[in-house]
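Morning, everyone. Let me put the structure up, and then I will walk you through it.

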Amino acid sequence: MILLSELVALVPLDVPNPAPIDPTGGAQGVELLFAYLKWGVLGICGAIALASAGYMAWGALSHRPEENQKGKRAFLISGAATVAAAIAIPMVNNVFSAVG
């Protein structure tokens with residue numbers, strides 16, 4: 001019991017919490033890369049949404065219901081990807097603003 005109390009006394013009560021530091025040293029290239037990636041992801045999501053809408057139209061006009069269903073599924077997936085990107089972009093921005 002005495003050994004346990006001595007071990008507890010050795011543990012520091014005030015654990016330091018250092019401020020976040022920028023691992024890139026303030027390099028602007030990383031921010032530019034992330035900016036291009038964010039816009040690229042949104043552009044790809046938009047292009048897939050337009051392509052899947054065209055696929056749905058083609059399937060409906062050519063009386064191919066299975067192609068129409070594939071277009072609907074791709075449209076829903078592109079919508080979900082766009083929502084995921086819309087959530088991830090502010091998260092990435094907050095991380096960079098906390099470090100910088």
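How many aromatic pairs does the count come to? One aromatic pair, by the rule used here. The rule takes rings of Phe, Tyr and Trp (its six-membered ring) and pairs them if their centres lie within 6.5 Å; planes under 30 degrees apart count as stacked, over 60 as edge-to-face and the rest as tilted. The partners are tyrosine 55 and tryptophan 58, and they are stacked, at 5.8 Å centre to centre with 25° between the planes.

Before I go on, the ground rules. This is a predicted model: local features need pLDDT of at least 70, side-chain atom pairs count only at pLDDT 80 or more, and totals for chains, interfaces and linings use all residues. Residues are numbered from 1 along each chain as its sequence is written, and side-chain values use heavy atoms, with hydrogens and water left out.

Back to the pair. Both tyrosine 55 and tryptophan 58 lie in helix α2, residues 28-61. They sit three residues apart, about one turn of the helix. Helices here are DSSP runs (H or I, at least four residues; strands are E, at least two), numbered from the N terminus.

The cut-offs: buried is under 20% relative accessible area, exposed is over 50%, and partly exposed is in between (1.4 Å probe, protein chains only).

Serine 52 is in helix α2. Serine 78 is in helix α3, residues 65-99. Buried or exposed, serine 78? Buried, because its relative accessible area is 4%. Serine 52 is buried as well, with a value of 4%.

Now look at what they touch. Contact means heavy atoms within 4.5 Å. Not counting residues up to four places away in sequence, serine 78 touches Cys45, Ile48, Ala49 and Ser52. With that exclusion, serine 52 touches Gly71, Ala74, Phe75 and Ser78.

Isoleucine 48 is in helix α2. Isoleucine 48 is partly exposed, at 41%. Leaving aside neighbours within four places in sequence, isoleucine 48 is in contact with Ala74 and Ser78. Isoleucine 48 and glycine 79 are 31 residues apart in sequence, and 9.2 Å apart in space, C-alpha to C-alpha.

Histidine 63 has a positive phi of about 55°, although it is not a glycine. Histidine 63 counts as exposed because its relative accessible area is 69%.

Last stop, helix α1, residues 2-10, where leucine 3 is found. Leucine 3 is exposed, at 58%. Valine 8 lies in helix α1 too. Valine 8 counts as exposed, at 54%.
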